[in-house]
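Please keep the sequence and the 3D view open while reading.

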Amino acid sequence: MPSCARLSELLDPTATVLLTVECQQGVVGPDGALPELARQAQSSGALGRIARLVAAAHDSDVQVIHAIAERRPDGRGAGRNARLFRAAERLPVQQLSGTTAVRVAPPIEVAEQDIVVRRLHGLSPVQGTEVDALLRNLGCRTLIVTGVSANVAIPNAVFDAVNLGYTAVVPADAIAGVPADYTAAMVRHTLALVATVVTTDEVLGCLRRPRRGA
């Protein structure tokens, strides 16, 4: 775990972006496609902590990007080359473009300055999307990764961020996966090898600072 000074340096608001991954109503909401994942995101407190991080980012001039996974009603452009994709086609709740399912879920609040990136394909919210170009244009050096799931999208985001040259920071209590104990194992044995693993409170302590120019 980094020192407070080191973490503050990493989380320079001028070079930090907060990414929320698939925190959409059709995934983590009460009527989501994956009830077990939704329950875990809510009961663990991860969703509430993400909302706190987003609010603090808004107050600290840290850019927020919301990564949303969706599909067209006709399925064009969606992959079928993995069992996960084929199973998703049969779920009772579909992440269809333009529907409530692909809106950012409460209690997370989307501010006017936030950027919402929607992808129609793949497992990663970073690789193959607009996110990398946006991060570079924003002058990002550190990417805070939050959301779901610790099984697939979160490790994809972290690996891609590191491969692209960003420093990944993962608040371990602001991500969720299934089963419940899998997230801790993923963090300890995988993400901790490539990312700076912290707590939500540690990040909040660094973000609670005056706005630039204040």
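## Strand and helix briefing

I144 has V169 as its bridge partner in β5. That bridge belongs to the pairing of β4 with β5, which is parallel and holds three bridges. The model is predicted.

**β5 and its partners**

- Four of the five residues of β5 are buried, so β5 is largely enclosed by the rest of the structure.
- β5 also pairs with β7, in the parallel sense and over three bridges.
- In that pairing, V170 stands opposite V197 of β7.
- β4, helix α7 (residues 153-163) and β5 form a β-α-β unit, and the unit is right-handed.

**β4: covered along its length**

- Seven of the seven residues of β4 are buried, so the strand is mostly covered, with buried meaning under 20% relative accessible area.
- T142, I144, T146 and V148 point one way from β4.
- L143, V145 and G147 point the other way, and these too are buried.
- The general rule behind this pattern is that side chains in a regular strand alternate between the two faces of the sheet.
- β1 pairs with β4 in the parallel sense, over six bridges.
- Within that pairing, T142 of β4 has T16 opposite.
- β4 and β6 also run parallel, joined by two bridges.
- There, A176 of β6 stands opposite V148.

**β2: buried on both faces**

- Strand β2 (residues 63-69) is largely enclosed by the rest of the structure, because seven of its seven residues are buried.
- Q63, I65, A67 and A69 point to one side of β2.
- V64, H66 and I68 point the other way, and they are buried as well.
- β2 pairs with β1 in the parallel sense, over five bridges.
- L18 stands opposite V64 in this pairing.
- β2 and strand β3 (residues 115-119) run parallel, with five bridges joining them.
- A67 stands opposite V117 of β3.

**α9: one buried side**

- Which residues of helix α9 (residues 200-207) are buried? They are T200, V203, L204, C206 and L207.
- Those residues lie on the same side of α9, because they cover an arc of only 160° around the axis.
- In general, an α-helix has 3.6 residues a turn, so residues three or four places apart point the same way.
- What do the buried residues of α9 pack against? The strands are β4 (142-148), β5 (167-171) and β7 (196-198).
- The helices in that packing are α1 (4-10) and α4 (46-59).

- Helix α8 (residues 180-194) has 15 residues, which at 1.5 Å a residue should span 21 Å.
- Its end C-alpha atoms are 22 Å apart, which agrees with that expectation.
- α8 has a kink of about 45°, centred on V187.
- V187 is also one of the buried residues of α8, along with T183, M186 and L191.
- The cover over these buried residues includes α7, β5, β6 (175-176) and β7.

**Two loop residues**

- E22 sits in the loop between β1 (16-21) and α2 (25-28).
- Is E22 buried or exposed? Its relative accessibility is 13%, so E22 counts as buried.
- Not counting residues up to four places away in sequence, E22 touches V27, V28, A67, A69, R119, V148 and A153.
- V148, another contact of E22, is among the buried residues of β4.
- L96 lies in the loop between α5 (83-88) and β3.
- L96 has a relative accessible area of 24%, so it is partly exposed.
- Leaving aside neighbours within four places in sequence, L96 is in contact with R71, R72, P73 and V102.
- How far apart are L96 and T20 in sequence and in space? They are 76 residues apart in sequence and 19 Å apart in space, C-alpha to C-alpha.

Methods
Residues are numbered from 1 along each chain as its sequence is written. This is a predicted model: local features need pLDDT of at least 70, side-chain atom pairs count only at pLDDT 80 or more; totals for chains, interfaces and linings use all residues. Side-chain values use heavy atoms; hydrogens and water are left out. Buried means under 20% relative accessible area, exposed over 50%, partly exposed in between (1.4 Å probe, protein chains only). The arc is that of the directions from the helix axis to the C-beta atoms. Contact means heavy atoms within 4.5 Å. Two strands pair if DSSP finds at least two bridges between them. A crossover is right-handed if, with the strands pointing away from the viewer, the path from the first strand over the helix to the second runs clockwise. The expected span of a helix is 1.5 Å times one less than its number of residues. The bend at a residue is the angle between axes fitted to the seven residues ending there and the seven starting there.
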